[in-house]
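Thanks, everyone. I will go through one model this morning, starting with helix packing and ending with the chain as a whole. Please have the structure open while I talk.

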Amino acid sequence: MSDQARIQELESQLEQLESQLMQSQKMGSVGSLASSITHEFNNILTTVINYAKMGLRHKEEATRNKSFERILAAGQRASKITTGMLAYARNTSDRQEPFELNRLLSDVMVLVQKDLQMHRIGIDEDLQAGVWAKVNSSQIQQILVNLIVNARQAMGEKGRLKLTIRDNKEEGWAEISVGDNGCGIPQDQLQKIFDAFYTTKKADARGQGGSGIGLSLCRKIIEAHQGRIRVESEVGKGTTFTLKLPRAESPAGLIDTSAA
Ligand SMILES: Nc1ncnc2c1ncn2[C@@H]1O[C@H](COP(=O)(O)OP(=O)(O)OP(=O)(O)O)[C@@H](O)[C@H]1O
Ligand SMILES: [Mg+2]
């Protein structure tokens, strides 16, 4: 085999390994959210069981209708979570297409909301509506899950997560940022955080986290989008990561419902 052919073979193997790593990191992040999601399902089931009992006990139509409504709402909430989980885990294509950032973020929030709530983290949102970017939505969701889990891990009690979506027309970016008021990152470490296997964390009791691949994959994904990832941080004050993604015009004829 010629050197050229050998290099090509190695390159294609590397590409394959990278995409496998990305998929397994994604499944790992689903794993780290599993306990909070199970908790959420328990709450939903408690609601369903209690309202089913109430409906069986009470014969009046009004009470029964109310019970059915509560059961339906709980079922729909559960279905939204499982649908979101499956869509997140299954989507392995690398196609990029116009996607509305509000919708992308709200799909992510379905997965991480309970985890944030269990850690008593408040959420501040400043979300411009109707901002479209040309992205692979599943990959950008993976970045956001990573950034939000990192933010959560950096914050103690009274944590506040700040989510922003902005149409930066001047520079041609659709921007989405994740900020926290956590421990911050010292200046001399800022260079290293995107390196593979760089971590300051220890694995938790379940052996999860602290592999140091989260941000290195974020960088890879952003590179594949020809975007940018920026970080601003102050020790003791907090950290903000901003994703700059190629803007896309909202597809013609599509009515923007995100502001509703
Ligand atoms: N929001 C943040 N606040 C403070 N430090 C952060 C934040 N995000 C990342 N870091 C620092 O950057 C390091 C690398 O992050 P990265 O997500 O790549 O790996 P990790 O979170 O340590 O491990 P993994 O994501 O594989 O579980 C972290 O260990 C931490 O020191
Ligand atoms: Mg991480």
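Start with α3 and α4, which pack at an angle of about 30 degrees, with their axes 10 Å apart. This is a predicted model, so please hear each value with that in mind. Angles under 35 degrees count as roughly parallel, and α3 and α4 are therefore roughly parallel to each other. The crossing of α3 past α4 is right-handed. On the α3 side, the contact is made by Leu 104, Leu 105, Asp 107, Val 108, Leu 111, Val 112, Asp 115 and Leu 116. On the α4 side, the residues are Ser 137, Ile 140, Gln 141, Leu 144, Val 145, Ile 148 and Arg 152. By class, this contact of α3 with α4 holds ten nonpolar, two polar and three charged residues.

The other pair I want to show is α1, residues 3-57, with α2, residues 61-90. Here the angle is about 170 degrees and the axes are 9 Å apart. Since angles over 145 degrees count as roughly antiparallel, that makes α1 roughly antiparallel to α2. The crossing of α1 and α2 is left-handed. Their contact contains 17 nonpolar residues, together with five polar and five charged ones.

Now the ligand. Which residues come nearest to ligand 1? Of the 22 residues around it, they are Ala 154, Thr 199, Thr 200, Gly 214 and Leu 215. Two helices, α4 and α6, each supply at least two residues of this shell. The largest share comes from α4, with four residues. Sorted by class, the shell has twelve polar, eight nonpolar and two charged residues.

Thr 199 sits in the loop between α5 and α6. Is Thr 199 exposed, partly exposed or buried? It is partly exposed, because 17 other C-beta atoms lie within 10 Å. Apart from its neighbours within four places in sequence, Thr 199 is in contact with Gly 210, Ser 211 and Gly 212. As for Leu 56, 143 residues away along the chain, its C-alpha atom and that of Thr 199 are separated by 54 Å.

Next, backbone angles. Most residues other than glycine have a negative phi. Where are the positive ones I picked out? Arg 120 has a positive phi of about 55 degrees and is not a glycine. Arg 120 lies in the loop between α3, residues 101-118, and β2, residues 122-127. With 11 other C-beta atoms within 10 Å, Arg 120 is exposed. Phe 197 also has a positive phi, near 70 degrees. The loop that holds Phe 197 runs between α5, residues 187-190, and α6, residues 214-224. Phe 197 is exposed too, with 8 other C-beta atoms within 10 Å.

Last, the chain as a whole. How many helices and strands does the protein chain have? There are six helices and seven strands, and along the sequence they follow the pattern α-α-β-α-β-β-α-β-β-α-α-β-β. The C-alpha trace spans about 80 × 50 × 45 Å along its principal axes. Of the 260 residues, 26% are buried. Among contacts with a separation of 6 or more, 72% join residues 24 or more positions apart.

Note on methods
Residues numbered from 1 in each chain as written. Chains lettered and ligands numbered in written order. Predicted model: local features only at pLDDT ≥ 70, side-chain atom pairs only at ≥ 80, totals over all residues. Buried ≥ 20, exposed ≤ 12 C-beta atoms within 10 Å, placed from the backbone. Near = placed C-beta within 6 Å. Nonpolar A, V, L, I, M, F, W, Y, C, P; charged D, E, K, R; others polar. Axes fitted to C-alpha atoms, helices over the stretch in contact; angles between N-to-C directions. Parallel < 35°, antiparallel > 145°, perpendicular 65-115°, else oblique. Left-handed = near helix turned anticlockwise from the far one by under 90°. Contact = placed C-beta atoms within 7 Å.
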